[in-house]
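Have a look at the structure, then try each task before reading its solution.

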Amino acid sequence: MATSTTDIVRSTVRVALRQETALAAGLLRIFFHDCFPNGCDASILLLRPRGAVAETSLGPNLTIQRRAMQLIEDIRADVHFACGPTVSCADITALATRAAVVTSGGPSYTLPKGQLDSFFPAPQEAVFQLPSPSTASVATLVRAFASRGLADPADLVALSGGHTIGRTQCSFFADRSARMEDTFSRKLAANCSKHPDRLQNLDVVTPDLFDNGFYKALTFNQGVFTSDMALVKDKTTAPAVRLFARDKEAFFAQFAWSMEKLARAPRPAGNRGEIRRNCFRTNAQRVIADAGEEVEEGFAASA
């Protein structure tokens, strides 16, 4: 990987986040939703794969932030211009996500190099194994994470902490607000009834800062997702929630370790693929597009 790659990624992400802080959460979600189903292979970025269904057209990914996807492609173009086509979209996604975490106040961590970009989207059944925000069973969540090499329940708790910089639509926590089981859920229900299109902060303490405010909120029953509230209610995960709520450095250390493990999530077919010249298409598709095929509407193809 070219020496300047990390600097290019870091500086571009910093500029982008100064203009729109929401991109940090968008990048973090893309990274998780790419790595969890089939390993970190940039398959989620393929927009119109031939003979397959794009991951972004499937339920768990319908609200993936397109502006963050475009940022990844813009960074790819800058890196390839400076260093040649030597860095994959998978690696750029990982580097951009880390830069977003650090820029938002979070920890840095080590990333593997040389992940290749897949030729195909992840299997649909693997995409639908992404954890649902309506999941109330910690045991179910722990099993799902363990199947991806994240066997320590602390991995589940720490990676859920990525919600410290996220926002979500009312539909994603409708189950929690409908139960109206506590003061906060009743407030959520009232807010969504009055402003159904307004985005809700997942961290109601410090929504734009990557810190441990998310866990502090959980200890006061102020978690937005059912899956987040489950963490503080279950004896398997509650100790980690309470630890992270009172000790930011403990959270940062575990988050860094868990992100390193996620970055190495197993790829069933191994590290097979290519270095895409456009993150939204395989190189074979790019050749066809250059010959005159229509480019995906709403996205800019970079040089």
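## Cysteine exercises

Step one for the Cys35 and Cys40 pair: the torsion about their S-S bond is about 120°, so this disulfide (a pair of cysteine sulfur atoms within 2.5 Å) is right-handed. Before going on, note that this is a predicted model, where local features need pLDDT of at least 70, side-chain atom pairs count only at pLDDT 80 or more, and totals for chains, interfaces and linings use all residues. Residues are numbered from 1 along each chain as its sequence is written, and side-chain values use heavy atoms, with hydrogens and water left out.

**Exercise 1.** Work out whether Cys35 is buried or exposed.

*Solution.* Take the cut-offs: buried means under 20% relative accessible area, exposed over 50%, partly exposed in between (1.4 Å probe, protein chains only). Cys35 has 0% relative accessibility, so Cys35 is buried.

**Exercise 2.** Find the handedness of the disulfide between Cys89 and Cys279.

*Solution.* Start with the bond: the S to S distance of Cys89 and Cys279 is 2.1 Å. Then take the torsion, about -95°, so this disulfide is left-handed.

**Exercise 3.** Which pattern do the disulfides of the chain follow?

*Solution.* First count them: there are three disulfides. Cys170 and Cys192 form one of these, with sulfur atoms 2.1 Å apart. With bonded cysteines counted along the chain, the pattern is 1-2, 3-6, 4-5. Cys83 is left out, being in no disulfide; the nearest cysteine sulfur, that of Cys89, is 14 Å away.
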